[in-house]
Amino acid sequence: MDSGIVIALLLAVIVGISIGLLGGGGSILAVPILSYVAGMSPQEAIASSLFIVATTSAFGLLAHARAKRVRWKTGAIFGGAAMGGAFAGGIIGGYIPGTILMVLFAVMMIATATAMVRRPTKDTGAVADERTGLPLTRVIIDGFVVGIATGLVGAGGGFLVVPALTLLGGLPMAVAVGTSLFVMSMKSFAGLAGYLLAVQIQWPVVLAFTAIAITGSLVGAWLAGRIPGKTLRKGFGYFVLVMGAVVLTQEVPKVLSLIMGG
């Protein structure tokens, strides 16, 4: 087995922990790992990350559901709208040059990480309350927009969903994380369906990566209720800012080269 693939599989546990712990971050880590370490093309890395995130989120969701940290009604409405956007974004993304996709991906990383660091979040309470009224139109619109972003660049899942859920419904951080996993699983599968119309996936590698990530997600879900949400989000936000900068330094010269060459 190629050494890059072996290293990528070892890093899969970090992807899983971030999904279970933060309700997001899987694609922001998985896409660079699959692209730069495992050697996949940008489209293949994004499509693969959608499968990995969708499946891992579904398993991580189980632990949060047992702890009553999921608001099912909010997640179903938001996720249903996001699935439509993700499918459309996945179709479009399959026909955009890989370098452009990676630049868009890096911009998404930096924008969402900045929001994580700067935006205050509620961190009290752990049990979801389905009786709270929902601003239905806004939930649907925000879900569709987040879905497009997820399907297009394979990112923006939890890092857009979690802040949206805390602002829309006033969900505590732990509940927003659990509900985000429900939404992410729905819309990531939809985005994958769009990508599969144009992209082939290395299933043995992706399935092995997913299995390892699932183990990490269970650990992350166990930690989710034990670490202060504000500390979690700020620390990971700074890490994602650095990751975004690294991706930009790799891809911007390629874009400039294409422009100069054209």
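Predicted model: local features only at pLDDT ≥ 70, side-chain atom pairs only at ≥ 80, totals over all residues.
Trainee: What makes up the secondary structure of the protein?

Mentor: The protein has 10 helices and 0 strands. Along the sequence the pattern reads α-α-α-α-α-α-α-α-α-α. Of the 262 residues, 56% are buried. Among contacts with a separation of 6 or more, 87% join residues 24 or more positions apart.

Trainee: How are two packed helices described?

Mentor: By the angle between their axes and the distance between the axes.

Trainee: Why is H4 called roughly parallel to H6?

Mentor: Helix H4 (residues 72–93) and helix H6 (residues 136–153) pack at about 30 degrees, with their axes 6 Å apart. Angles under 35 degrees count as roughly parallel, so H4 is roughly parallel to H6. The crossing of H4 with H6 is right-handed.

Trainee: Which residues of H4 and H6 make the contact?

Mentor: On H4 they include Ile77, Phe78, Ala81, Gly85 and Gly89, and on H6 they include Leu136, Val139, Ile140, Phe144 and Gly147. By class, this contact has 13 nonpolar, 8 polar and 1 charged residues. Asp142 of H6 is one of the residues in the contact, and Asp counts as charged.

Trainee: What makes H1 roughly antiparallel to H2?

Mentor: The axes of helix H1 (residues 3–22) and helix H2 (residues 26–37) cross at roughly 175 degrees and come within 9 Å. An angle over 145 degrees counts as roughly antiparallel, and therefore H1 is roughly antiparallel to H2. In H1, residues including Ile5, Ala8, Leu11 and Val15 meet residues of H2, among them Leu29, Ala30 and Ile33. The contact of H1 with H2 has 11 nonpolar, 3 polar and no charged residues.

Trainee: Why is H6 called oblique to H8?

Mentor: Their axes cross at roughly 50 degrees and come within 9 Å. Roughly parallel requires an angle under 35 degrees, and roughly perpendicular runs from 65 to 115. The value for H6 and H8 falls between these ranges, so H6 is oblique to H8. The crossing of H6 and H8 is right-handed. Val146, Gly147, Thr150, Gly151 and Leu152 of H6 make the contact with Lys187, Ser188, Gly191 and Tyr195 of H8. By class, the contact of H6 with H8 has 3 nonpolar, 5 polar and 1 charged residues.

Trainee: How many aromatic pairs are there?

Mentor: The count comes to 2 aromatic pairs. In one of them, Phe51 and Trp203 lie 5.1 Å centre to centre with 85 degrees between the planes, an edge-to-face arrangement. Ring centres must lie within 6.5 Å, and planes over 60 degrees apart count as edge-to-face. Phe51 is in helix H3 (residues 42–66) and Trp203 in helix H9 (residues 203–224), 152 residues apart.

Trainee: What makes the pair of Trp72 and Phe182 edge-to-face?

Mentor: Their ring centres are 5.0 Å apart and their planes stand at 70 degrees, so this pair is edge-to-face. Trp72 lies in helix H4 and Phe182 in helix H8 (residues 173–195), 110 residues apart. Trp72, at 39% relative accessibility, counts as partly exposed, whereas Phe182, at 17%, counts as buried.

Trainee: How do you know that Ala45 is buried?

Mentor: Ala45 sits in helix H3, and its relative accessibility is 0%. The limit for buried is under 20%, so Ala45 counts as buried. Leaving aside neighbours within four places in sequence, Ala45 is in contact with Val31, Leu34, Ser35 and Met40.

Methods
Residues numbered from 1 in each chain as written. Heavy atoms only, no water. Axes fitted to C-alpha atoms, helices over the stretch in contact; angles between N-to-C directions. Helix = DSSP H or I, 4+ residues; strand = E, 2+ residues; numbered from the N terminus. Left-handed = near helix turned anticlockwise from the far one by under 90°. Contact = heavy atoms within 4.5 Å. Phe/Tyr/Trp six-rings, centres within 6.5 Å; stacked < 30°, edge-to-face > 60°. Buried < 20%, exposed > 50% of the residue type's maximum accessible area, 1.4 Å probe, protein only.
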